[in-house]
Structure formats: C-alpha cells, structure tokens
Amino acid sequence: MLELYFLRHGQTASSRENIFCGSGSDTPLTSEGEAMARSFAEFYKDTGWEAIYYSPLERTRVTAEIIAKPQAVKAHHREGLLEIDYGKWEGKTVDEVDRHYHDDHLSWTADPAWFPPTGGETAISVASRVLAVINEIRNSHEGGKLLIVSHKAAIRIALCSLIGIDVGRFRYRLACPVGSVSVVRFGAQGPLIEKIGDRSHLSDHLRNLPGT
C-alpha cells in the first residue's frame with residue numbers, strides 16, 4: 001500500500017512575519033526552521049522512506065536534505081512541487097497587498113481557483129502540476145512510504161484535489177502550519193487522509209513559534 005507524507009518546510013522569515021512567499025521568493029530556513037526539519041527526521045527515522053521528492057526552492061531542498069542524509073535515501077527535486085506563484089504580491093504583507101491590489105485581492109480571497117494573485121498563478125494551475133508529480137510517483141512506486149517536501153498552498157491544493165474538495169476553498173478547509181505533515185494512504189477505495197497538519201514531531205517550543 002502506498003502512503004504519501006506531505007511535509008511543509010520549516011520556518012522562514014516570511015512565514016514568521018506572515019508575508020506572501022511563493023515560487024518567486026527563494027527564502028531560506030531560519031535556524032528554527034532547520035530545527036523543525038531535524039525534529040521530523042529524528043521522529044520518523046525508522047520509517048524507511050522509499051524516496052523523497054521536494055520542491056527545488058532552498059527552504060524545501062534543505063529540509064529534504066536534512067531528512068534524507070541520515071537514512072541515505074534518494075531525494076529527487078520536481079518543479080511541479082513549487083509553491084504557488086504570488087506574482088506582484090511576493091514579499092508583501094496581507095495589508096500591503098490589500099492596499100495596493102485591493103480588487104485582485106478580493107477576487108483571489110473569494111475564489112483562488114480561477115482568480116490568481118496579480119501576475120501570479122491560479123489554484124487550478126497549481127493543482128495540475130502537483131497532481132502530475134503525484135501521478136508520476138504513484139506510477140513509479142507500487143507501495144511503501146514516500147515523502148513529499150513542499151509548501152503551504154501547494155500541499156493544501158494537492159490534498160483538496162485528491163479527496164474532491166473544491167480547490168477554490170483550499171485556504172479555508174485544510175490546515176497546514178509550518179513544519180507540519182499530512183498523510184494520504186492510497187487503498188482500494190482511493191485516497192484516504194490519515195493526518196492533516198500534524199506537528200506532534202515538534203517540541204512545544206517549535207510548535208508555539210509565531211507565524212503561519
């Protein structure tokens with residue numbers, strides 16, 4: 001039986017400050033973000049990963065490398081696992097976006113499936129590329145546990161797509177806090193979510209850090 005573990009990377013300065021940080025922002029992990037990756041690696045050290053797949057941005061690449069190295073697991077980067085492209089909103093706070101791109105922000109908040117951030121990417125587009133990677137993984141691995149290291153929006157959109165939730169509701173239906181893992185098991189009846197936004201592998205200190 002195939003199980004996919006969707007891990008959101010550890011803390012960055014942008015997640016700490018609640019700043020739009022998508023595929024156009026290669027923000028590195030903070031020291032606490034690296035600690036989150038090490039905590040996950042230690043907690044799941046006996047899992048026996050078949051493989052690890054990650055988005056090529058630094059914050060996900062470093063997270064994946066911290067987990068893969070102790071177990072000598074092969075890690076593969078996939079462009080399709082990149083975070084949503086926030087376009088002109090990259091590096092801005094919610095208040096700044098609402099002030100400078102008010103109408104676009106209203107439309108995106110109402111239905112990000114079809115209304116992108118200004119100059120950015122729709123949730124429908126993200127779903128298409130992330131599902132292509134998941135289908136590749138499923139075709140390459142009949143069973144076992146595989147780790148996907150990706151981003152907040154990309155993971156929530158993927159989960160919505162897999163279980164039939166309108167991707168336009170991804171921001172309001174599924175939690176994905178920084179450093180969290182969600183687990184999907186593929187059985188005879190299709191995908192089953194076993195965990196959503198779980199952070200039991202983190203210490204109280206890491207779980208209670210500020211940010212998204």
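## Sheet architecture

Two strands are taken to pair if DSSP finds at least two bridges between them, and helices (H or I, at least four residues) and strands (E, at least two) are DSSP runs, numbered from the N terminus. The model is predicted, so that local features need pLDDT of at least 70 and side-chain atom pairs count only at pLDDT 80 or more, while totals for chains, interfaces and linings use all residues. Residues are numbered from 1 along each chain as its sequence is written, and side-chain values use heavy atoms, with hydrogens and water left out.

The structure contains an open sheet of 6 strands in the order 3-2-4-1-5-6, with mixed pairing. Strand 3 and strand 6 (190-198) are the edge strands, each pairing on one side only. From one strand to the next, the twist averages 20 degrees, where axes are lines fitted to C-alpha atoms, for helices over the stretch in contact, and angles run from 0 to 180 degrees between N-to-C directions.

## Strand 2 and its neighbours

Strand 2 (residues 49-54) is largely enclosed by the rest of the structure, because 5 of its 6 residues are buried; buried means under 20% relative accessible area, exposed over 50%, and partly exposed in between, with a 1.4 Å probe and protein chains only. Strand 2 runs parallel to strand 4 (residues 144-150), to which 5 bridges join it, and within this pairing alanine 51 stands opposite leucine 146 of strand 4.

Strand 2 is also parallel to strand 3 (residues 75-77), with 3 bridges between them, and tyrosine 53 has histidine 76 of strand 3 as its bridge partner. Between strand 2 and strand 3 the chain passes through helix 3 (residues 58-71), giving a right-handed β-α-β crossover, that is, one in which, with the strands pointing away from the viewer, the path from the first strand over the helix to the second runs clockwise.

## Strands 1 and 5, and helix 7

Strand 1 (residues 2-8) pairs with strand 5 (residues 181-187) in the antiparallel sense over 6 bridges, and leucine 4 stands opposite valine 184 in strand 5. Helix 7 (residues 152-163) packs on the sheet, where it touches strand 1, strand 4, strand 5 and strand 6, and its direction makes about 150 degrees with that of strand 1; contact here means heavy atoms within 4.5 Å.

## Salt bridges

The structure holds 9 salt bridges, each defined as a side-chain nitrogen of Lys or Arg within 4 Å of a carboxyl oxygen of Asp or Glu. One of them joins arginine 129 and glutamate 121 at 2.9 Å, N to O; arginine 129 is buried at 18% relative accessibility, and glutamate 121 is buried at 12%.

Another links arginine 16 to glutamate 17 at 3.3 Å, N to O, with arginine 16 partly exposed at 33% and glutamate 17 partly exposed at 46%. Arginine 38 forms a salt bridge with glutamate 34, their closest N and O atoms being 4.0 Å apart, and these residues both lie in helix 2 (residues 31-43), 4 residues apart, about one turn of the helix. Arginine 38 is partly exposed at 45%, as is glutamate 34 at 32%.

## Cysteines

With a disulfide defined as a pair of cysteine sulfur atoms within 2.5 Å, the count comes to 0 disulfides. The closest cysteine sulfur to that of cysteine 21 is in cysteine 176, at 14 Å, which is too far for a bond; cysteine 21 is buried, at 14% relative accessibility. For cysteine 160 the closest cysteine sulfur is likewise in cysteine 176, at 11 Å and too far for a bond, and cysteine 160 is buried, at 0% relative accessibility.
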